[in-house]
Amino acid sequence: MDLSPIELIPEQTAAIVARERKVNRWVRGLDDRLGRWRLGGRRGDYDDQRFEFVGGAGEALRKKHYDKSLRLLWKAEEQIPWSSFRDCTKNEKVLLELAQGSLDGAERSHLQKIRSDEFRAFLDREYTPEQKQALVNILSTIGHGEAYAWMVSTELLSHGVKGTGARAALTMQVMEEAKHFVVLRELIHAFDCPVPRMSVWEYIVMERTLKSKGLEKFFGMNVLIEGFALNLFGLLGTLPGLEVLRLFHLDESRHTALPSNYFSEKPLTNRQKTGFLRRLRRSLLLAPTLPLMTYFEKDFAVLGLDVYDFAGSMLRKVGHLSDRVGFELLIPQEKLLPMVNRLFNQRASRTRRDHTFKKYHLAETTRGRAERAIEAEVFELNQSPAAAS
Ligand SMILES: [Fe+2]
Ligand SMILES: [Fe+2]
């Protein structure tokens, strides 16, 4: 290219470079020392020398989580057109309109309104007011959980995981949790029922998870809470009007698979896996999920569902995942599950007139065939690598 360079005095430009090097050595050296002495130092977990985040490239994680999330990205406007979401691109809208026939602007907004009213009417036809309220009570538990998932994944992204691939994976999780929260919120509002606050049991689990240190957040969030959400979406996604939950199920399956994919590249130390205090903290985090289940017994019963079937099915899978990831608890899974099952039977014998002993921990409440296949893969029930593409 024909460019006319400006002539500079070489000694002066060399002095500029040398000065920068000197100041750089001083600033970085000071930050290194402050970091070693735990007095602050560099905040950004980024290695600009290698043009990589601290922790390395992590290409496999990037492919399994970031790329896959983008491949499976779904839009609320397409899935629940009656909602207020306008997240489709121009091209996606053209495809949608081709499917709907050509409509002008006024017709389209009228159609959205009808759809919204229609959806509410559809819910009224399908469910009694009591059933609608029960669904709102259960779904709002997940809704509140999504708000915490959004906060926890944001913290894990800032101060938890290391490496470019892991950050890319967490970035997608943050985006998906944001989408889950706002979409679920609108879906729940469409039921036109009062939305309850979090139960105290949920509050304790969520707050403790948010306050957990570093990668321990993976246990509270990606194993326990998302294992719970995954099972709930697997149970409710086949109900009329709740089909969009099957897409939530797909997203959550990637989130639950993230810790094992991350630890396969950066394994936990033995102390991190089996340290007494860590096992105690995890067990205390798990404990409030038992009264939480009991709390929802009535809402499940209204929908013809046994909450302890759900709880048994969920805890078996979550326990399995926890073991696989290396998050040990105080009591090993083989002993814990029968213990919890006895507790559930005790509770059920108090709330039901003719209760007979049941093996709740062997139940399977995920309904769709696709969802069962996804869970078998994520929870490694069939021993294949989790959430591989
Ligand atoms: Fe979520
Ligand atoms: Fe999630």
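A residue is buried if 20 or more other C-beta atoms lie within 10 Å of its own. Keep that rule in mind as you look around this predicted model. In helix α17, which covers residues 369-378, it picks out Glu 371, Ile 374, Glu 375 and Val 378 as buried. Seen down the axis of α17, these buried residues fall within an arc of 95 degrees, so they line one face of the helix.

**What helix α17 packs against**

- Which helices do the buried residues of α17 pack against? They pack against α9 (217-236), α10 (245-265) and α15 (307-325).
- Two packed helices are described by the angle between their axes and the distance between the axes.

**Helices α9 and α10**

- The axes of α9 and α10 come within 8 Å and cross at roughly 155 degrees. That angle makes α9 roughly antiparallel to α10.
- The crossing of this pair, α9 and α10, is left-handed.
- On the α9 side, the residues making the contact include Phe 218, Val 223, Leu 230, Phe 233 and Leu 236. On the α10 side, they include Leu 245, Phe 248, His 249, Leu 258 and Pro 259.
- Sorted by class, the contact of α9 with α10 has 10 nonpolar, 7 polar and 2 charged residues.

**Helices α9 and α15**

- The axes of α9 and α15 come within 9 Å, with a crossing angle of roughly 145 degrees.
- Is the crossing of α9 and α15 left-handed or right-handed? It is right-handed.
- From α9, Phe 219, Val 223, Leu 224, Gly 227, Phe 228, Asn 231 and Leu 235 take part in this contact. They meet residues of α15, among them Phe 310, Met 314, Lys 317, Leu 321 and Val 325.
- By class, the contact of α9 with α15 has 10 nonpolar, 4 polar and 1 charged residues.

**Two partly exposed residues in helices**

- Glu 78 sits in helix α3, residues 76-79. With 15 other C-beta atoms within 10 Å, Glu 78 is partly exposed.
- Which residues does Glu 78 touch, not counting residues up to four places away in sequence? The answer is Cys 88, Glu 92 and Leu 96. Glu 78 and Leu 96 are 18 residues apart in sequence and 7.4 Å apart in space, C-alpha to C-alpha.
- Arg 208 is part of helix α8, residues 200-211. Arg 208 is partly exposed, as it has 15 other C-beta atoms within 10 Å.
- Leaving aside neighbours within four places in sequence, Arg 208 is in contact with Gly 220 and Leu 285. Arg 208 and Leu 284 are 76 residues apart in sequence, and 9.4 Å apart in space from C-alpha to C-alpha.

**Two loop residues with positive phi**

- Most residues other than glycine have a negative phi.
- Arg 38 has a positive phi, near 60 degrees, and is not a glycine. You will find Arg 38 in the loop between α1 (10-36) and β1 (46-47).
- Is Arg 38 buried or exposed? Arg 38 counts as exposed because it has 7 C-beta neighbours inside 10 Å.
- Asp 192 is not a glycine either, and its phi is positive at about 55 degrees. Look for Asp 192 in the loop between α7 (164-189) and α8.
- Asp 192 has 12 other C-beta atoms within 10 Å, so it is exposed. The cut-off for exposed is 12 or fewer.

Notes:
Residues numbered from 1 in each chain as written. Chains lettered and ligands numbered in written order. Predicted model: local features only at pLDDT ≥ 70, side-chain atom pairs only at ≥ 80, totals over all residues. Helix = DSSP H or I, 4+ residues; strand = E, 2+ residues; numbered from the N terminus. Arc of directions from axis to C-beta. Contact = placed C-beta atoms within 7 Å. Axes fitted to C-alpha atoms, helices over the stretch in contact; angles between N-to-C directions. Parallel < 35°, antiparallel > 145°, perpendicular 65-115°, else oblique. Left-handed = near helix turned anticlockwise from the far one by under 90°. Nonpolar A, V, L, I, M, F, W, Y, C, P; charged D, E, K, R; others polar.
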